[in-house]
Amino acid sequence: MTKAKRKRLIYNLVTFGLVIGAFIILENMIAAKAISRSLKGQLVPICAWIIMAVSLNLVIGFSGELSLGHAGFMSIGAYTGAVVSGWLVAAFDMQDPILRLVLTILAGGILAGIFGVLIGIPVLRLRGDYLAIVTLAFGEIIRNLVNVLYIGTADGNLHFAFLNKEMPANVTMLVDGAKGAVKIKPISTFEVGFVLILITLLVVLNLVNSRAGRAIQATRDNRIAAESMGVSVTKYKMMAFVTAAVLAGMAGALYGLNSSTVVPTQFTFNQSINVLVFVVLGGLGNVLGSIISATFLTVLPEVLREFADYRMLVYAVVLILVMIFTNNPTTRAIADRLFAPVKKLFHKDRRETAGGGDVK
Amino acid sequence: MIFLDNLINGLSLGSIYAIIALGYTMVYGIARMLNFAHGDVIMVGAYIAFCGLQYWGLPPVLAFVVAMLFCTCLGITIEGLAYRPLRQATSLAVLITAIGMSYLLQNIALMIWGANPKSFPTTFINGSSIRLGQLNISTAAIITILANVVIMVGLTLFTSRTKLGKAMRCVSEDRGAAELMGINVNRTISLTFAIGSALAAIAGILLCSSYPILQPTTGSMPGIKAFTAAVFGGIGSIPGAMLGGILLGVIEIFGKAYISTELGDAIVFAVLIIVLLVKPAGLLGKPMREKV
Amino acid sequence: MKKLIALALALVLALTVCSAFAEEAITLKIAHIGPLTGPAALYGIATSRGAQIAVDEINAAGGKYRIELIDEDDEHNVEKVINAYNAALDAGAQMIIGTTTSKPCEAAGAQGYTDRVFFLTPSASSTAVIEDKDNVFQVCFTDPNQGAASAQYIAENKLGTKVAVIYNNADVYSTGIRDTFVEKGAELGLEIVSEETFTDETTDFTVQVGKAQEAGAEIVFLPMYYTPASLILKTAADKNYKPIFFGVDGMDGILSVEGFDTSLAEGVMLLTPFVATSEDPKVANFVKLYQDKFGETPIQFAADSYDGIYILVAAAEKAGITAETTPEEACELLIAAMKEIKVDGITGSMTWDESGAVTKTPMAATIENGVYVFK
C-alpha cells in the first residue's frame, strides 16, 4: 500500500468513524432523554444540510465549478417527496412510514437527477462565473414555477395543473401553488437521515477516489491538460454535477418530509449561498470539513438565540473574519506558527485535508 | 399607446439595472471579484438620502451628494478592510467575504433604521408626470433614463481619456504589468470601488424615486437582477453592462405585459440562459475580454 | 457580631416578605414566536412589541397573573420556526402566542398538535393554520372570511361592478383572500376585468396597474400588506389613474409609513378590525403606550398581539392554569376554555368556536385627508 493510499484510507476511516460515533452518542442521549428539545428537533435538518454540503462540495471542490442553484435541486426533492408520499398513501394506502420514506427519498433523488441532466447539458458548456449565474437563474426559475404549480390526488390518481388551478371536486391538494406543499405527514427520522449520510459518504468518497474521480479532479486542476490527455471533460463534469443533484434531491425529500409544509421561499438563492458557505468554510474538496461546518453552522445560530438581535450580525462578522484569517498570507503564517507544536504532535501530511485548488 | 408606455417603463427600469450593473462590472473587471455587497450599498445610499431629506432637512441635491459621498467612503472602507487582505486568495474566498459583507450591511441597516419600511420622499425627480396625449410619463422615468445616458458617456470618456481611467484599464488588462509600469494597483482598485459605490448611491436614489419603498432588503433583488444584467451583457464590459441592464428591464416589463405576470422573473432568467448558451461570454463579452 | 446577626435577620425578613408578595401572583410563561430578523421582521417585531405592551400593563396592574414573556425568532422560515418552538419549550414556556406569519405557523402548529402545545396566533390568517389542529386559535380573521366580506361590501354598497385584482402569488395571505374574493364576487355579480400578480421581490407595478387601467376597472382590489400597496398607489398616481382602491386589514399601517405622501392614499377603502387613529379610549391608550415605548405607531399586527396576551390571560384564568401546569396539561385546559370566553379587545369583541377561527366584525374605513373615516 502506497503512502498516499494509506493516508486516504485513514482520512476516510476518520470521516466514517466520526459520523458513526456522533450518531451512537446522539442515539444514547435520546434514549436517556439527555438531549434538549431544541437539539433533537434539529437532528434531521442537520442530516439534510450535511448531505447538501457534501454533494455541493463534489461540484465545487472536486469538479471545480461554482454552482449557485443547489437549493433548487433540494426543492425538487422536497416537493417530489411531499407528492409521492401523499400519493402512496392515497393510491396504495401505504402506512408503513419507513418504507414510504425510503421510496419517496428515491423518487426525490431520481427526479432531481433528471433535472440535473437537463440543466447540466447546457450549463456545463459554460465556465466559471457564467456557470454560476446560470445555476442561479435555474434556481430562481424553479422557484418561480413551483409558485404556480398545483398537484392534487383524487380517487388515487394524481392531478396536475399549471397556472390555473383546475382540479376535480373531491381533490386533496398536495402542492397548492404559493401555499407550497401542504398537509405533509412528517415521517423523516434521524436514523434514516444517518443512513442517508452514510450512503452519501460512500458514494462521494468512492467516486473521488476512483478513476472517474481522478478524471474529475484533473478537469478542475487543468482543463486543457486533462482534455489533451483524452479525458472527456463534459462527461466527468456531468457525472459530478448529476451525482450532486441526486444527493441534493434525496436530502430535499428527507428535509421536506420532516415538516408539515414546504414553501418555495425556503429554497431561495440565499439558501444556496448558505450551503456554499458550509462548503467553503469546511474547505474545498474536504468532505469531513463540509460535515463539520454544516453541523456547526446549523447549530450555531440556535446556540446564539439569546443574542437574537445581534445573531445575524455576529454571523456576518464571523464569516468575514474567518475568510480573511484563513486566506490572508500574513495571518495564515501567524496561525501556522502558533499551531506548529500541535501539528508536530500529529505529524500528518496536511495535503489531503487542506482542500483542493481554486475554482476556475 | 400601451406598447409605448411599457417601453418607457422598461427603459426606465432597465436604466436602473444598468447603473447598478456598471458597479458590478467595473469591480469585476479590475479586481476579478463578484462584489455581492454591491446591492446593499444601494440600500445604504438610499437610506442616507432618505435621512438627508426627511431628518436633516437638506435640499434634495445636497442630500443626494451626501449619500454619494457616504457611499464612496463606504465602498473604499469595505474594500480596504475586507477585500484587500484577500488580494491573493481564491475567488471563492472573496465571494464568501462579499456575501458576509452583504449580510453585515443589511443587519446594520436593520439595527439603525429598523424593519419598518420607509417611503422615499417626493423630490424633483419623482414629483410629477408629463402628459402626452393618452400617455403619462413620470418624470422619474425620464430622469432615470437621462442619468443613465450621462453616466454611460461620462464613464466611457473617463476610462478612455483620463490618466486614472487608463490606469484602471491597464490594471484590468494585466495587474502584474501595471504594477511594473508604476501604477499603484491598490489605489486604482480603491478608486474603482469609490466610483462603483457612488454609482450605487445614484442607483439607490433613482430606484427609490421610482419605487418609493425603502427596507433593509431593498437592494437584494435589484442587486441580483443587475448582476444578471452584467453577465448578460458580458461581465467586465461597460457598454455590455449598459446594454444588458436595459435589455433586462425591457424584457422584464414586456414579459409581464404580454406573457404573464406570474412568470415574469422566470422569463427574465430563461432569456438569460438562452443568450448565454448562444453567446457563452455574454452579449458584448469576448473570449479575450477587454476589461473596463 | 450582633450587627451581623441583625443584618442576617433583616435579610431573611426581607426575603420572606418578597416571597410572600411573589406568591400572590401566579407566573405564566408565555412564548412569543415570530420573525424578529429577516424580510418579515417588521411583522414579527410588531407582534413582539404589542405583546410586550400588554405584558407590561398586566404585570404593573398586579392581578392574579404575572407574565414572563419569552421572545423567540423564527426568521419567517419553516425550518427555523421548529427550532424557535423547541427553544421556547426548553425555556419553560407553557403556551405560545404566535407564530406571526402563516406558513411557519402551519408547521409549528402541526408540531404543537403532536406534542400537545397551545398556540394562539395573533396574525397568521390562512385556514391551513387552524385546519385539522384543535390546538391553534386565531386572533385575526381567516383569509377567506376577509375575501368574502370584501366582495360583499363592494356589492352591497354598489361601489362598482368592474373589478381588477392585484395580488401576491407567492404569498399565502394574499392568494387566500384573492381566491374567496373572486369566488364570492362572481356570485354577487362583480365582473373581474383584470387579474395580475406579483411576488415579494417585485418593485415595479407599472404593468399590473396599467392592465387594470386599460381594462377600465372602477375598483382595484388589493389583498396585500401596505408595503406593495403603497407602491401601487404611487404608480397609479403617476399614470393618472383614479379608481377606488379597496384594501384589507394588511393595508392598515400605510398612513404611518415614514415619508409616505398620504395624499396618494386619499379615498382608499379598507375593511379592518383595528385602526390606530380610532377614538376608542382603549385603542388610544394602547397607541399612546406603544408610541411612548417604541417611538412609532403600532400596526394591526401589534394590536392583534396585544389582544392575544389578554385573551391568553382570560383563557388561563378560566382554565385555572398555575405556574406548575405543564404545556401539555395547559393545552387541553386552554382549548376547552377558549370556547367559553368572550374578550373585548382593541380589535373588537371576540369569541371562538372549536375550529379555532375568531368571530368579530370588521369595520369599513375610508381614508380622507390622511385619516380614517368610518362609514
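Domain bounds here come from an automatic or database domain assignment. With that in hand, welcome to a few close-up views of this predicted model.

**View 1. Chain C is assigned two domains.** Domain 1 of chain C is made of two stretches, 9–141 + 282–359, while domain 2 covers 144–272. How far apart do the C-alpha centres of the two domains lie? They are 31 Å from each other. Where the domains meet, domain 1 of chain C brings 10 residues to the contact and domain 2 of chain C brings 12. On the domain 1 side, look for six polar residues, three nonpolar ones and one charged one.

**View 2. C:N145 sits in a helix of chain C.** The helix to find is α5 of chain C, residues 143–156. Is C:N145 buried or exposed? C:N145 counts as buried because it has 21 C-beta neighbours inside 10 Å, and 20 or more are needed for that label. For a sense of distance, follow the chain to C:I232, 87 residues away in sequence: the C-alpha atoms of C:N145 and C:I232 are separated by 24 Å.

**View 3. Chains A and B meet through 33 residues from each.** On the chain A side, three helices each supply at least two residues: α5 (128–146), α10 (269–282) and α12 (311–327). Which of the elements gives the largest share of this side? That is α12(A), with 10 residues. By type, the side of chain A that touches chain B has 26 nonpolar residues, four charged and three polar.

**View 4. The largest nonpolar core holds 333 residues.** A:C47, A:I51, A:L254, B:A46 and C:L334 are the residues with the most contacts inside this core. Helix α2 of chain A, residues 37–62, provides the largest share, 16 residues. Chain C takes part as well, with at least three residues from each of its domains 1 and 2. As background, nonpolar side chains in soluble globular proteins tend to be buried together.

**View 5. B:A46 has contacts with residues beyond its sequence neighbours.** Which residues does B:A46 touch once those within four places in sequence are left aside? They are B:F120, B:G204, B:I205, B:L207, B:C208, B:L214 and B:T218.

Key: Residues numbered from 1 in each chain as written. Chains lettered and ligands numbered in written order. Predicted model: local features only at pLDDT ≥ 70, side-chain atom pairs only at ≥ 80, totals over all residues. Contact = placed C-beta atoms within 7 Å. Helix = DSSP H or I, 4+ residues; strand = E, 2+ residues; numbered from the N terminus. Nonpolar A, V, L, I, M, F, W, Y, C, P; charged D, E, K, R; others polar. Core = buried A, V, L, I, M, F, W, Y, C linked by C-beta atoms within 7 Å. Buried ≥ 20, exposed ≤ 12 C-beta atoms within 10 Å, placed from the backbone.
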